[in-house]
Amino acid sequence: MQKASTDNQAAAKDIKLLVLDIDGTIAGHSNTISEPVKQTIFAAQARGIQVAIATGRMYRSALRFHQDIGSTLPLMAYQGAWIQDPITQKIHRHWVVSREIAHQLLDYFEKPELRSLLSVHFYINDQLYVRELTRETKIYAERSDIIAIPVGDLRQALTNEPTKILALSDDTDLIDKLLGNLRRQYTPAELYMTTSVATFFEATNASVNKGTAIRYLAEELLGLQLANVMAIGDNFNDVEMLEYAGLGVAMGNAPAGVQAIAKWVAPSVEEDGAAVAIEKFLL
């Protein structure tokens, strides 16, 4: 699938920054970056194009991917709520959810009809706190290569404000319903809500999304414009990033709504679609 190909080709020569999502974009079922994807990233870097990661993952969980591609730029984690330079350790941004809203969300998730259906995750100071270790949480923690800390009552963990709140359920209809209900309760000025995969409901500070994160990286840190940015992503938490970038590419495994806003649609993650896109536009 291709849209406005001549515009895309004309824009490609202006690209100086490539921003990549992790899950469903550069890492598929294997939870690693395939060799073809890695090699095209290295080839782009050899041409002077800087490469960054923007992910919903925790900073500590995303770090190995950042290192795998040899990025020298700050890492944008938690949808951009946490931006840190792994080389200098400088934290450029850490935007949190207020304690008040965190308590309200927890009250909502612990309603009798929801409590047993959701695994609730609080991310505080780059640690994951949970009520209990559910099957879903164990799978998540293993894939993320982190340790989840069970605390019983999550209110005990709220001595600090969370960077992100996640509610996890295998029932995707329930997650859709949750997103719909909470979007009626909170305005975009109060809370940013999204799904990075169909089984995750995610909430962060209202000012957070990958679009504001890469705008900060491109314009404030690197002195670039949106025309200099190419971004590749696969899910609804990538929408703002794909809309901001001069060249936004969606993966073939992305939902239709995400593909619709992209300038170009690459093959799926299991077909090394990110490598195909990089090869097409940057090499």
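Modeller: A salt bridge is a side-chain nitrogen of Lys or Arg within 4 Å of a carboxyl oxygen of Asp or Glu. This is a predicted model, in which local features need pLDDT of at least 70, side-chain atom pairs count only at pLDDT 80 or more, and totals for chains, interfaces and linings use all residues. Residues are numbered from 1 along each chain as its sequence is written, and side-chain values use heavy atoms, with hydrogens and water left out.

Biologist: What makes R57 and D23 a salt bridge?

Modeller: The closest N and O atoms of R57 and D23 are 2.7 Å apart, and the cut-off is 4 Å. The pair links distant parts of the chain, 34 residues apart: R57 is in the loop between β2 (50-53) and α3 (59-68), and D23 is in the loop between β1 (17-20) and α2 (35-46). Helices (H or I, at least four residues) and strands (E, at least two) are DSSP runs, numbered from the N terminus.

Biologist: Why is R57 called buried?

Modeller: Buried means under 20% relative accessible area, exposed over 50%, and partly exposed in between (1.4 Å probe, protein chains only). R57 has a relative accessible area of 7%, so R57 is buried. D23, at 23%, therefore counts as partly exposed.

Biologist: How do you know that E110 pairs with R155?

Modeller: Their closest N and O atoms are 3.0 Å apart, and the two form a salt bridge. E110 lies in the loop between α4 (99-109) and α5 (112-115), and R155 in the loop between β8 (148-150) and β9 (164-168), 45 residues apart. Salt bridges that share partners join D107, E110, R115, R131, E132, D153 and R155 into one network. E110 has a relative accessible area of 17% and is therefore buried, while R155, at 27%, is partly exposed.

Biologist: How many salt bridges does the structure hold?

Modeller: The structure holds 15 salt bridges.

Biologist: Why does N209 count as buried?

Modeller: The relative accessibility of N209 is 13%, so N209 counts as buried. N209 sits in the loop between β11 (200-204) and α8 (210-221).

Biologist: Which backbone nitrogen lies 2.7 Å from a polar atom of the N209 side chain?

Modeller: That of G211. The backbone nitrogen of T212 lies 2.9 Å from a polar atom of the side chain of N209.

Biologist: Which residues is N209 in contact with, leaving aside its neighbours within four places in sequence?

Modeller: N209 is in contact (heavy atoms within 4.5 Å) with Q79, Y192 and E240, those neighbours left aside.

Terms used: A polar contact is a pair of N or O atoms within 3.5 Å; within protein, one must be able to donate a hydrogen and the other to accept it, and residues adjacent in sequence count only if both atoms are side-chain atoms.
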